[in-house]
Amino acid sequence: MSQQFSGNLGTVLRRELASYFATPVAYVFILIFLIMAAAFTFYLGGFFEREIADLEPFFRFHPWLYLFLVPAIGMRLWAEERKYGTIELLLTLPITATEAVIAKFLAAWLFIGLALVLTFPIWITVNMLGDPDNGVILAAYIGSWFMAGGFLAISACLSALTRNQVVAFILAVVVCFLFLLSGLPMVLDPFRAILPQPMLDAIANLSFLVHFSSISRGVIDLRDVLYFALVIGFWLIANRIVLEIKKAS
Amino acid sequence: MIEAKSLTRRYGPLLAVDRISFTVEPGTVLGFLGPNGAGKSTTMKMLTGFLPPTEGTAVIFGHDIITDSLAARRIMGYLPEGAPLYGELTVAQFLDFTARARGLRGRQAERAIAGSVDRLTLGEVLPQTIETLSKGFKRRVGLAQAILHDPRVLVLDEPTDGLDPNQKHQVRQLIRDMAEDRIVIISTHILEEVDALCNRAMIIASGRLLADDTPQGLLRRSRYNGAVTLAVDDAQVVASKLSELPEAAEVEIRRGRLTVFPSGRGNLFDAINRRLTEHQIRIDEIQLEGGRLDEVFRSITMEEAA
């Protein structure tokens, strides 16, 4: 990584984060994220009733939490720049579009990471109540963060399609939902008649849920992390292409 | 130096800019003049590297905007149309971002920001959030980011649009100050601005470059150039007397004022003066016209539409 590349990344990243914290977006997001995460864990997950010292009921609901909250962060990434015309300012600076795409993604991803780190009281709680495997918990945190990155890359790319944030949000939720559930009959059935079995298996294997379920149980398989990394990479490249096509309009 | 070579841009089937070529030397304040939707902004977007040209290219002080885009962008400052800014940031945060993005760090960045803030008298609003500022201040912040790195080329898309007369005056003064050994390109549809600011003007309509001249040169194309306008009591009588002059081509009466157009033979102004004295005609006002830019603009752009 050249010094200039990282310098430009840092510059755009800092500006993005400054914007998050200059508006209520950051505080509202973090607050809602923490409340929802806790509610899911304790009410739906039955954290206490299970009487097992682990965070499986906490991580199990992350895909559903991210399904709505990550598009809410990602929707503004490019739609806002296009709406206010600041994209013209950003992309005429001596910064490449690739750097801008990566920096904006990283800023939002770090921000979601911060929200995730702020769930640490639940980790303290489980350590006070029992003797959990902290290695498993750490692995699950990393896996969860990577899955959030997948949702975010999808949202960022779709945000470049439109200057309307509501449209960007809805598109992102729908596409994230398809990726989340691609292993379930609901998504597979429409394809069953037209696609051969190997392709159906391939689609099923794209499911976030399938890849995350093992991670949430603490089985961190490099292939699952690699999967999310590939999803991120793919959607960021798509983001770069969409940006190039749509910036003129 | 800027060399635009057949710059062309299509939006789908729409031809927004059609093979525009020109060369600009340092010290020039070039005005892009044209009706709305003429292709002025699109040309600027291509020059500044925001939009790739469909065909053609431009070279900015030796840097091709397509093959050497980053180097070209480094020596340019750009104020996009409507002066978009990150409204949620403070002025200080925003200028700091621009300085860093321009590769300035530490003391260098501080000096650049201080210079820019000083030039646009933004000191008092530095800690303020941009979206709370008045329109005039916002525009000044937009200009501040454009000149921060002391660019050799300054591209300003409608820099005075929507400002009040005092603010307009201030921005024009700034542009004049910046012009020395730099290239400044502004776009406008305010004709007086070209006269007040530019030493070169290009009329662009329907994506084509229709005229490229000094403002004085454009004025000379006006049929009003060298015409004499008089305010007299009895316009009809005076008109018949003056139309006999060999120096006069035509006489028009509009709202009690008489305009005599030159035929090109001899000095019209002197001839009229002599004739008026001969006949002892009392006049309330007499004026030698330099030409009317709005008329030139209309005739050039309408010709194209016809």
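Helices H4(A) and H7(A) lie oblique to each other, a class left over once angles under 35 degrees are called roughly parallel, over 145 roughly antiparallel and 65 to 115 roughly perpendicular. The axes of H4 (residues 62-74) and H7 (residues 97-117) of chain A cross at roughly 140° and come within 10 Å; axes are lines fitted to C-alpha atoms, for helices over the stretch in contact, and angles run from 0 to 180 degrees between N-to-C directions. The crossing of H4(A) past H7(A) is right-handed, that is, the near helix is turned clockwise from the far one by less than a right angle. On the H4(A) side the contact is formed by A:Val70, A:Ile73 and A:Gly74, and on the H7(A) side by A:Ala108, A:Phe111 and A:Ile112 (C-beta atoms, placed from the backbone, within 7 Å). This contact contains 5 nonpolar residues, 1 polar residue and no charged ones, where Ala, Val, Leu, Ile, Met, Phe, Trp, Tyr, Cys and Pro count as nonpolar, Asp, Glu, Lys and Arg as charged, and the others, Gly among them, as polar.

The model is predicted, so to speak of local features requires a pLDDT of at least 70 and of side-chain atom pairs 80 or more, while totals for chains, interfaces and linings use all residues. Residues are numbered from 1 along each chain as its sequence is written, with chains lettered from A and ligands numbered from 1 in the order in which they are written. Helices (H or I, at least four residues) and strands (E, at least two) are DSSP runs, numbered from the N terminus.

How confident is the predictor in the complex? The ipTM is 0.88 and the pTM is 0.89. Chain A has an average pLDDT (the predictor's confidence in each residue, from 0 to 100) of 89, with 99% of the residues scoring at least 70. For chain B the mean is 91, and 99% of its residues reach 70 or more. Within chain A, H7(A) carries the highest mean pLDDT of the elements (96), and helix H11 (residues 185-192) the lowest (76).

Turning to the interface, 18 residues of chain A are in contact with 22 residues of chain B. Helix H1 (3-22) and helix H6 (86-90) of chain A are the elements giving two or more residues to this side of chain A, and H1(A) supplies the largest share, 5 residues. By class, the side of chain A that touches chain B comprises 9 nonpolar, 7 polar and 2 charged residues.

B:Gly136, B:Arg139, B:Leu143 and B:Ile147 of H5(B) meet B:Gln167, B:Val171, B:Leu174 and B:Met178 of H6(B). The classes here are 5 nonpolar, 2 polar and 1 charged.

The sheets of chain B come next. An open, mixed sheet contains 6 strands in the order E6-E7-E8-E3-E9-E10, with two strands taken as paired if DSSP finds at least two bridges between them. Strands E6 (76-79) and E10 (208-213) of chain B stand at the edges with a single partner strand each, so one side of each has no neighbour in the sheet. On average, neighbouring strands of this sheet are turned by 15° against each other, direction ignored. Strands E3 (residues 28-33) and E9 (residues 200-205) of chain B run parallel and are joined by 4 bridges; B:Phe32 stands opposite B:Met202 of E9(B).

A second open sheet, antiparallel, has 4 strands in the order E2-E1-E4-E5 of chain B. Its edge strands, E2 (14-24) and E5 (63-64) of chain B, pair on one side only. Strand E1 (residues 2-11) of chain B is joined to E2(B) by 7 antiparallel bridges, and B:Arg10 has B:Leu15 in E2(B) as its bridge partner. In the hairpin of E1(B) and E2(B), with 2 residues between the strands, B:Gly12 takes a positive phi near 60°. E1(B) also pairs with strand E4 (residues 55-60) of chain B in the antiparallel sense over 5 bridges. B:Ala4 is bridged to B:Ala58 in E4(B) and to B:Phe22 in E2(B).

Strands E12 (residues 248-254) and E13 (residues 257-262) of chain B pair in the antiparallel sense over 6 bridges, and the bridge partner of B:Ala248 in E13(B) is B:Pro262.

Terms used: Two residues are in contact if their C-beta atoms, placed from the backbone, lie within 7 Å.
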